[in-house]
Each structure stands twice: as structure tokens, then as C-alpha cells.
Amino acid sequence: MLEIRALSKRYAVDDGEILALADIDVEIDEGEFVCLLGPSGCGKSTLLKIVAGLIPPSDGVIRIARREVTAPGPDRAVVFQDYALFPWMTVADNVEFGLAARGVPSERRRAVSGELLRAVGLAEFAGKYPHHLSGGMKQRVSIARALAVDPVLLLMDEPFGALDAQTRFVMQRELLRVWRTYRKTVLFVTHSIEEALYLGDRVLVMTARPGRIKAAIAVPQERPRDIASLEFTRLRAHTLDLLSDEIAKSMAQEATAELTS
Amino acid sequence: MSEIAIESAAARRESAGHRRRLSRETRLGWATILAFLVLWKLVHASGIFPPWAFPSPEQVLMAFVKTLRSGELLKNTWASVARQLVGVALAALVGIPLGIALGASRNARAALLPLCRLMYPIPGIAWIPLAILWFGIGFKSTVFVIFFSGIWPILFNTMTGVATLDGQYTDVARVYLAPRLFYVRRILIPGSLPYIITGIRLTYGVGWRVIVGAEMISSITGLGFMIDDARWQLRPDIMVAGMITIALIGWVMENWAFDWLERVTLERWGMKSIA
């Protein structure tokens with residue numbers, strides 16, 4: 001479904017170049033839920049934005065259904081960390097944004113947003129403005145907006161990072177429910193080991209900058225997963241093992257950057 | 001349940017307290033205005049200024065009544081307001097699209113900003129002689145002067161609003177394949193509205209302050225003309241009546257019309273207006 005080949009990303013800085021991503025090779029199957037897990041600054045969000053077509057890669061190709069993509073397209077939708085809802089549009093208008101941009105007539109749009117808002121439990125908020133909603137509700141709207149354009153690939157950039165622990169847990173379960181209903185392929189960026197292992201069919205662990213795929217962990221457990229189970233705890237310990245070196249490296253990089261700036 | 005009840009009662013109490021405080025502040029404001037009137041009356045009564053140059057509050061009130069009855073005040077007020085509205089509308093009509101272009105395009109900024117920055121310091125009234133040569137005396141030349149003094153705030157504010165718009169909104173627009181015009185209409189303009197409204201507010205203020213000077217020189221109607229004309233009749237009471245009319249109209253527009261505009265847009269959307 002999604003194929004990333006030999007991808008790298010370099011940034012020009014004052015005194016030369018920073019290699020942000022290197023040797024990225026990823027394949028994701030239709031309907032698969034894949035989590036991208038890594039320390040802060042490892043380039044996981046950059047990778048997501050490259051797949052979305054918002055940033056060009058320096059090298060490498062991305063193919064969706066065997067066709068190379070270089071710009072945003074109707075096959076992908078993004079859920080951003082801080083929701084990125086438009087405060088001047090009602091909840092329904094936000095959900096319909098992608099459809100309106102494509103010139104879909106308004107009755108058709110209303111039907112789609114009505115159905116999706118019911119699916120995420122916000123039907124009675126259709127006419128409200130986003131600032132009346134809590135963080136969790138805003139992110140549901142953002143997910144509905146992404147589903148409204150019926151993409152094959154749903155890209156999620158730390159969507160629950162700004163939520164408190166309880167809301168986050170509820171949203172994770174909701175997301176799995178929605179994912180089962182609409183059967184999308186999902187690429188989900190997170191820095192939380194629990195979140196990655198709770199949600200993903202597969203977890204791709206990234207290294208500190210330059211970001212590489214260090215390991216791919218398959219999570220065989222049936223959903224809903226019991227995060228207190230022995231199996232889950234083992235998997236978490238294993239993942240933490242893989243990640244802790246990278247976290248240490250990433251923190252050292254940040255400290256150096258702080259000292260030299 | 002009881003917790004909710006207590007909370008809402010507390011909220012009610014606080015908002016009631018808020019109302020009381022506000023009304024106390026309003027009373028303070030009125031008290032100062034009243035004190036000013038008393039002082040004015042005292043100065044008049046003291047005879048420091050000759051009576052033909054310094055009217056008393058009552059004389060001004062009488063001038064109001066007289067000019068209202070004769071229709072002179074309404075005719076001149078309407079003339080000024082019409083010029084002001086047309087001038088501000090033209091400034092917005094040109095300034096907003098130009099500001100969007102400047103905010104959105106680096107090339108447009110490079111090409112146009114130097115000229116804008118050069119013209120911006122020219123005071124509105126400096127345009128008056130040229131305006132008279134081009135348009136003669138009256139409506140057109142006054143509108144022209146309002147336009148040229150008022151376009152800058154709306155232009156520069158719109159530019160800043162567009163240039164500082166959250167980049168994530170643009171990302172969303174790109175992800176969902178928004179066409180250019182759709183993006184301008186549905187994202188750039190509403191997203192920059194806090195700046196645009198403040199820009200129009202400033203444009204309005206500048207225009208209203210310039211119009212009087214313009215009318216004194218290049219017009220035979222309007223509040224500015226009425227004030228200047230009163231000089232030849234040695235009627236300071238009419239001058240002050242004209243000045244107070246200007247103050248009242250400015251106050252109503254700046255404090256009510258624009259506040260209303262912000263209430264039905266920004267406040268409803270939970271966005272912040274910029275000072």
C-alpha cells in the first residue's frame with residue numbers, strides 16, 4: 001500500500017547541513033495500523049509530513065498503491081497534534097472542509113459530516129464553534145475531518161500528545177473503534193511506548209537524529225489489548241530497551257545544541 | 001448535582017459583582033466629564049477670555065438646538081459622514097486585497113513595500129492642494145484625502161495578519177487540496193480578521209481626524225466647513241457644537257460599531273482581537 005524507499009532528508013543550516021532522516025525503507029500493508037515511535041527530534045513528524053506531501057524528501061521515493069507521490073493528494077489525510085481546526089468555522093464546516101475544497105455540493109457534505117459526527121459522538125455539536133470544545137472533542141472533529149475525504153491512508157502526527165492521560169486513553173479506544181469501522185491504513189506518530197504498543201499492528205522504532213528505522217516490532221496481541229498482561233509488559237520492556245539508548249542520545253544532542261546556541 | 005448548583009451560583013455572584021464594578025467605573029467616567037463642564041463654566045464666568053472668543057456650555061447647547069432646527073447641523077454632519085464612509089470603504093476595498101497580496105507574496109513585498117513606506121509618512125492634509133487641483137472643491141477631493149491618509153493602517157495590518165497566520169492552517173489547506181481562491185476566502189481572510197478589523201478601526205479613526213482639516217480647506221459643506229465658517233461669523237459656540245458632534249460620532253463608531261463587528265465575528269469564534 002505505502003512504500004517508502006531509500007528516503008533521506010537533509011536540512012541546510014548556517015554552517016552546513018543537518019541529516020534529519022537517513023535510509024528509511026518502510027512498507028505498510030492495506031488496512032495496517034503502524035506506529036512510528038522515536039525520541040523527540042528524531043524526525044518522525046518530518047517523515048510523516050514527507051509522506052503527506054507537505055515537505056519534499058532530499059532523496060528517495062514514496063509510492064502509494066504503486067504510484068509515486070510528491071505532493072498532497074486525495075489518497076491521504078492528516079490529523080495534526082494541535083487539532084488545527086479553523087476557529088471561524090463551525091464543527092460541521094470544519095469536518096466538511098476537505099469536501100468543500102473539492103467542490104462537493106452542500107447536501108452531500110452535510111450528509112457526510114452528519115454521519116461522521118455521529119460516529120465520533122459529536123452530533124449535537126455540529127453548529128458549535130471549536131473553542132466551545134474540549135481538547136479530546138477537538139481531536140475527534142479533526143479525525144472526522146480526515147475521514148470525510150475518504151482517504152486510503154490516514155496520517156496521524158502525535159494526535160493525542162496534548163491530551164491528559166484519561167482523555168488520551170478514551171481517545172485511543174475510540175480511534176481503534178473508528179479504524180475498525182472505516183478500515184483505513186494508519187501511520188501514527190507517537191513518542192509513547194504504551195500508546196504505540198496499544199494501538200499498532202506494528203511499531204517502527206526510530207533512532208535519534210539522523211532518524212533511521214532501528215527495529216520493527218510486530219504486536220500479535222488481539223485487541224482490545226490488556227496493558228497489564230505479562231505479554232504486553234514484556235513487549236514494553238523490550239521496546240524500552242531498544243529506545244532508551246536513543247533517548248539518551250537525543251537528550252545529549254539537545255544539550256549540545258543548547259550549549260552551542 | 002449540588003456541586004454544579006454551587007458553582008453556577010458562584011459564577012452568578014461573580015458576574016453580578018462584575019456588573020457593579022463596571023457601573024462604578026462608568027459613574028467615575030461621567031463624574032469627570034461633569035467636573036470638566038463645571039470647570040468650563042467657571043473659566044467662562046471668570047472672564048479670563050473675552051466672551052466673543054469663549055462660549056459657555058449653555059451657549060453651545062443653544063447653538064446645537066439652533067443649528068439642528070435650521071437643518072444646518074444635520075446637512076453638514078451627513079456630508080461629512082458620507083465622505084468618511086466612502087473614503088474608508090475605498091481604503092478597505094483597495095487596502096485589504098493589496099494587504100493580502102503583500103502578506104502572501106515575498107515578491108509583492110519586495111516590489112511594493114519601498115514605495116508604500118515612502119508614501120506612508122505624507123500627512124493626509126498634504127494631499128489637499130493637489131486634490132483640489134485634480135477634483136475641485138467638495139466631495140471627491142475630500143474622499144481622496146481620506147483614502148490616502150486612511151489606506152495605510154488597513155494595508156499594513158492586513159499584511160501583518162496574513163504574514164503571521166498560523167502555518168498549520170496552510171498545511172491543512174494543502175493536505176485537503178484547497179484551491180487558491182478558496183484558500184484566500186475561507187482561510188486567509190477570516191484568519192487575518194483580528195488584524196483586518198483593527199486596521200479598519202485605525203483607518204476609520206485616521207479618516208475622521210483628517211476629514212475636518214480637509215473640509216476646512218476644500219469644501220463648502222461638512223462639519224469641518226461648519227467649524228471654519230463659524231470663525232468668520234465670530235461664533236465660537238457653533239465651532240464647539242461642531243467639535244462635539246465630531247466627538248460623538250467618532251465615539252459611537254469606534255466604540256459601538258467596531259465592537260459590535262468584533263462581537264459577531266472574533267468573539268463568537270473565540271479568537272482574540274489585537275489592540
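Colleague: What makes you speak of a kink at B:L193 in α8(B)?

Modeller: In this predicted model, the axis fitted to the seven residues ending at a position is compared with the axis fitted to the seven starting there, and at B:L193 the angle is about 65°, shortly before the proline B:P194.

Colleague: Which domains does chain B have, and how far apart do their C-alpha centres lie?

Modeller: The domain assignment of chain B gives domain 1 as residues 1–48 and domain 2 as residues 55–269, and the C-alpha centres of these two domains of chain B lie 31 Å apart.

Colleague: Why is chain A called as compact as a globular protein of its length?

Modeller: Chain A, with 8 helices and 10 strands, has a radius of gyration of 19 Å, close to the 18 Å that the globule rule gives for 261 residues, so it is as compact as a globular protein of that length. Its C-alpha atoms fill a box of roughly 50 × 45 × 40 Å along the principal axes, and buried residues make up 43% of the 261 residues in chain A.

Colleague: Why is helix α1 of chain A described as largely enclosed?

Modeller: A residue counts as buried if 20 or more other C-beta atoms lie within 10 Å of its own, and 9 of the 9 residues of α1 of chain A, residues 44–52, are buried, so this helix is largely enclosed by the rest of the structure. Among them are the lysines A:K44 and A:K49, as well as A:L47 and A:I50. After α1(A) comes A:G53, whose phi is positive, near 90°.

Colleague: How many residues does each chain bring to the contact, and what is the make-up of the side of chain A that touches chain B?

Modeller: The contact takes 18 residues from chain A and 17 residues from chain B. On the side of chain A that touches chain B, β6 (76–79) and α3 (97–101) of chain A each supply at least two residues, and α3(A) gives the largest share, 3 residues. The residues of that side of chain A divide into 15 nonpolar, 2 polar and 1 charged.

Key:
Residues numbered from 1 in each chain as written. Chains lettered and ligands numbered in written order. Predicted model: local features only at pLDDT ≥ 70, side-chain atom pairs only at ≥ 80, totals over all residues. Domains from an automatic or database assignment. Helix = DSSP H or I, 4+ residues; strand = E, 2+ residues; numbered from the N terminus. Contact = placed C-beta atoms within 7 Å. Nonpolar A, V, L, I, M, F, W, Y, C, P; charged D, E, K, R; others polar. Rg over C-alpha atoms; globule rule 2.2 N^0.38 Å. Buried ≥ 20, exposed ≤ 12 C-beta atoms within 10 Å, placed from the backbone.
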